[in-house]
Amino acid sequence: MLIATATKTQHWWRDAVIYQVYVRSFLDSTGDGIGDLAGVRAGLPYLKKLGVDGIWLSPFYPSPQHDHGYDVADYCGVDPVYGDLGEFDLLVADAQRLGVKVVLDIVPNHCSSSHAWFRSALEEGPGGPSRSRFHFADGRGTHGELPPNNWRAMFGGSAWSRVTEPDGTPGQWYLHMFTPEQPDLNWREPAVSAYFDEVLRFWLDRGVDGFRIDVAAGLFKHPELPDSADPGADERARDSVNPLAWNQPEVHQVWRDWRAVCEEYAARDGRDRLLVGEVSVPTAREHAEYVRPDELHQAFFFNLLSAPWDVDAFRATISEAMSDIAGTGSTVTWVLNNHDQVRTVTRYAGEPSGESSGLGPARARAAALLMLALPGAAYVYQGEELGLPEVVDLPDEVLTDPIFRRTGSRSRVRDGCRVPLPWSGLASPFGFTAGAGAETARPWLPQPEWFAEHATDRALADTRSFWHLYRDGLQLRRSLPQLGEGTLRWLETPPQVLAFVRGDGLVCAVNFGTEPVPAPVSGTPLLASGDCLPGTLPGSTAAWWISDLSTKGTPS
């Protein structure tokens, strides 16, 4: 079907679809089993063909890799395992030539214990100027042998570690809300904000289009660091729950300052620079505070990711986002998965009636089509376009997630969604590696044999694959004026069916049940996640139609 391309003049980020590249697992150009920047550059034509608007690169900075780059030792460099600044510049140049935006992951809440600042803090001892850049404090107890407060770290254990002072005596404690190798920075110290201003400008001067901000509701802690009434909340949830350690009001001024830097660069050349935050807060209303007109452009809305496969839950989640977040003037930033979550196919298979009936893939396809029809922006984690399930049986000895190292528990360990992508072939490394020894290289996490079923070469050859569903959805999203930024109106539907109309008659409907129902629109759909006969919407299926329903429905 030929459809005229729509002219979309709003800021690019408002309805962009960004592909998350977990660099370590995307494509290895050297044969060492670890993905790298040259691999990302080699994969750009593939991503252009898929139809995404940009890429978000996971951290590639120099790092001891205790948390695979989220422990940054140097914010203005490239770890040799991933390449160098010259290779990064080539990647940006190629992306610009292809019209693909480049968004970097930046980690301002904490750095690496190998960062020069932290090493200086240890060398200086109590009262040294470098210690003010972190949260150092004297311990409690007769000899300072107890932590300064009762907070627990998100990845397990106490949030405090005690240092040995330069004279060899037990000394102060420092705060780390994740692991001891990731000391939290003290954003009440002016040197910290000045440093990150330089970091932003360093990368903006190299041509990047924006930043994904790790732990954007962090940075500031309660100034008195008091005991928590529920000190283990973060550890239990593996999320930022402790109200004394997260979502402090002072953080909003940081995002105003960063927004001003982005606006400064945009004023020079007319190119918008994006700030998108990883904001984990209790309510959509609190979430909306981060995307006010002078703060972040966007913040990931994780509620859709965490919603159960249930029609009422999805409708309530979408309505809440459209009311509270879109009401700020920003657009909702939808996500179904990322590098910290169980893959969508597996997650939905675990829902009621999903696993036994093999509904995980069908539900994941339907959810993808739903997400691409919603107003706003969307982020797609690498491998979702291949329908990759979670690798749930990795042996203990290969697990690298610090959660496992800290707790000994496999619960919520994230390695299973980070296994290197399969590109081609019938056996590991499935085309993931190139260069000398590529055929016998061992990827940094082992790939199961069944990855062959999801390899990119097979996906491109099969017009019924996940890849083609995503590609077709992205093409329609770009060409149809009804999609992208805007609003939606809910339609009256049977139980278990969610349906809405976008703009001048684009209808999206999802059947959350397992039995077929009458379609809300007659005729053959433009696109469907499963087989659809005219007038029928099968179970666990989503579809799009063009129909004259522009005046019907309930606004949201």
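Predicted model: local features only at pLDDT ≥ 70, side-chain atom pairs only at ≥ 80, totals over all residues.
**Entry 1**

I started with the strands and found 3 of them forming an open sheet, in the order S4-S6-S5, with antiparallel pairing. I then looked up the edges: strand S4 (136-137) and strand S5 (160-164) each pair on one side only. Next I followed S4 to its partner, strand S6 (residues 170-175), and found the two paired in the antiparallel sense over 2 bridges. For a landmark, I noted that phenylalanine 136 stands opposite tyrosine 174 in S6.

**Entry 1: H1 against H14**

Two packed helices are described by the angle between their axes and the distance between the axes. I looked up both values for helix H1 (residues 37-50) and helix H14 (residues 466-479): the angle is about 65°, and the axes lie 8 Å apart. On the H1 side, I listed Tyr46, Lys49 and Leu50 as the contact residues. H14 answers with Trp467, Tyr470, Arg471 and Leu474. By class, I get 5 nonpolar, no polar and 2 charged residues in this contact.

How many cavities of 30 Å³ or more does the structure hold? I found 2.

The largest cavity has about 80 Å³ of space. I noted 15 lining residues, and the closest to the centre are Leu336, Asn337, Thr344, Glu384 and Tyr470. Tyr470 was already in my list for the H1 contact. Helix H10 (344-349), helix H11 (360-373), strand S11 (377-381) and H14 each supply at least two residues of this lining. I sorted the lining into 11 nonpolar, 3 polar and 1 charged.

The second largest cavity holds about 40 Å³. I found it lined by Trp56, Arg212, Phe300, Phe302, Val335, Asn337, Asn338 and Tyr379. Asn337 is a name I had also written down for the largest cavity.

**Entry 2: the open space**

I finished with the largest pocket, whose volume is about 1,100 Å³. Of its 50 lining residues, I noted Ala237, Arg238, Asp340, Gln341 and Arg414 as the closest to the centre. Helix H7 (284-288), strand S9 (298-301), helix H8 (303-306) and H10 are the elements that give two or more residues to the lining.

Which element gives the most to this lining? I checked, and H8 does, with 3 residues.

Definitions and conventions. Residues numbered from 1 in each chain as written. Heavy atoms only, no water. Pairing = 2+ DSSP bridges. Helix = DSSP H or I, 4+ residues; strand = E, 2+ residues; numbered from the N terminus. Axes fitted to C-alpha atoms, helices over the stretch in contact; angles between N-to-C directions. Contact = heavy atoms within 4.5 Å. Nonpolar A, V, L, I, M, F, W, Y, C, P; charged D, E, K, R; others polar. 1 Å grid on protein atoms, 1.4 Å probe; cavity = no way out; pocket = protein on both sides within 12 Å on 5 of 7 lines; lining within 4 Å. Points joined across faces, edges and corners; volume = space filled by probe spheres on them.
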